Amino acid sequence: MTVICWFRRVLRLDDHPALVAAAAQGAVVPLVILNPDEARRHPASAQRQAMSLPLLDAALRRRGSRLILRRGRPAEVLEEIARQTGATAIHASEGFPFAADTGLAEAARRGGATLHLHPLADLVPRASVLTGTGGVYKVFSPFWKALRRTQVAEPLAAPALSAPDAWPDSDGLDWPEARAEINRGWEVMAHCIRAGEDQAHARLDEFLDGPLPDYKVHRDHPWRPRATSGLADALAVGEISARRIWARCQPALRDGRPGVEHFLSELAWREFARDLLYAFPDLPHSCWRPEWQEFPWRPDTPEAEAWRRGQTGVAMVDAGMREMFATGQMHNRVRMITASYLCKHLLTDWKVGVDWFAYCLTDWDAASNAMNWQWVAGCGPDASPYFRVFNPDGQGDRFDPKGRYRDHWMAQDGAGAQAFAQAAPRSWRIDLARPVTPSLTLAEGRDRALAAYRGFRS
Ligand SMILES: Cc1cc2nc3c(=O)[nH]c(=O)nc-3n(C[C@H](O)[C@H](O)[C@H](O)COP(=O)(O)OP(=O)(O)OC[C@H]3O[C@@H](n4cnc5c(N)ncnc54)[C@H](O)[C@@H]3O)c2cc1C
């Protein structure tokens, strides 16, 4: 019997519940669907997935299988491929964000197959770590305590695969539409990426054998290369599961090695974000605290456009925005600095930032992106208070005291600055030699933000 396994942002063989279920049922047709909506909204993340596809295909071929690639809207593709292959079942991970599952079961049925959705191999199934009153946690610390008391399931080994009698047609293993949507040279960004399941495992090993003991302190220093795991993009496209990372950390945890508890707590922030999105699917578009909808955010403005282009004239902010544009990544500390500057100094709606990060990041994740933006803006469940305004210069003094990160991205001859200038569209007229004057001083921005906040509270 032929069954389809839809690799849905789970681009791996290890710890893949849908694949294990499919392999137990029959000959497996491994399927990836390239959705044009995704390429348009999240081109860097889509292209990051595309880089993984040939490697996934090669891994499948080593097991006597292969990857089938189809372009189109998932419901249409599922119906068509079920009909073409005569498959009786389609196994896939549950959608993420979760609303994405609407209409899929009916489409599969029209093609003659039953759709089986399996939980993502996160640390815990969604909404299984609940408060005493049965709700999701709204504050991270008690969530983390409860998660630590929970048994995280063991990851699943990759199953043996049998091939169908005939393979359906496949599109080419590339996603040129995603590359075309990226408003900068993809080649500039591509060399920053280590794609594929094997590379994700290698990165985890390197991190556990190397920087882990100093993680708690060094993770805040944007100038230190490889002080963190660098696994966010691999997690986002599903090259490695959170459960596998958790399991690999257990020996270090038992040995009481420094850094590991803190590292796992950061991984737990990802779970926390997922529970919040599960409970509140509108997290990327609406303030968690409804009263914040009335806050006098400014809409998209020329100042916000300067922020996107790394042209605010505030060094740490511009450095971060340049890093993201040129590499598809941004250090966590700098994400907080740039986000705070947009929401507070520029008093701009946090959703402007959510959308730009979603467009640029190779590790874009609907839950983590939205939760962190709401955290910075002050409107999320476990948020930084609005009156706590990050000073980008002070943050630079503290976390980049010798200005190494800043100079890499801002100095005229900095390697990062050069890469950014090469990646930026000509219409941005980037001139590294021309200093930019900020539209307002840090003190003015801070005072304006606090005045708006006081007016909103009164
Ligand atoms: C405004 C803003 C937007 C963000 N958007 C995203 C996003 O779209 N996708 C994304 O994966 N992360 C996002 N983050 C969280 C964080 O910046 C990245 O996960 C981190 O930079 C990844 O680097 P790393 O893999 O080396 O992390 P490590 O420090 O090695 O941490 C290990 C893993 O823990 C998780 N993690 C760490 N910090 C956080 C956090 N604050 N929130 C949620 N999970 C976390 C990630 O999965 C990460 O890979 C955002 C943070 C901010 C402030």
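## Basis of the model

In this predicted model, local features need pLDDT of at least 70 and side-chain atom pairs count only at pLDDT 80 or more, while totals for chains, interfaces and linings use all residues. Residues are numbered from 1 along each chain as its sequence is written.

## Domains

The chain is divided into domain 1 (2-121), domain 2 (122-151 + 197-279) and domain 3 (290-457), with bounds that come from an automatic or database domain assignment.

## Shell around the ligand

Domain 2 and domain 3 both give residues to the shell around the ligand, so the ligand lies between them. Of the 27 residues around the ligand, those that come nearest are Thr 228, Ser 229, Ala 232, Asn 369 and Asn 372, where a residue is near if its C-beta atom, placed from the backbone, lies within 6 Å of the molecule.

## Helix 16 and helix 18

Helix 16 (residues 332-345) packs with helix 18 (residues 366-377) at an angle of about 55°, their axes being 9 Å apart; helices here are DSSP runs (H or I, at least four residues) numbered from the N terminus, and axes are lines fitted to C-alpha atoms over the stretch in contact, with angles running from 0 to 180 degrees between N-to-C directions. The two helices are therefore oblique to each other, a term for angles that are not under 35 degrees (roughly parallel), over 145 (roughly antiparallel) or 65 to 115 (roughly perpendicular).

The contact, which requires C-beta atoms, placed from the backbone, within 7 Å, is made by Arg 335, Met 336, Ala 339, Ser 340 and Cys 343 of helix 16 and by Asn 372, Trp 373, Val 376 and Ala 377 of helix 18.

How values were computed
Contact = placed C-beta atoms within 7 Å.
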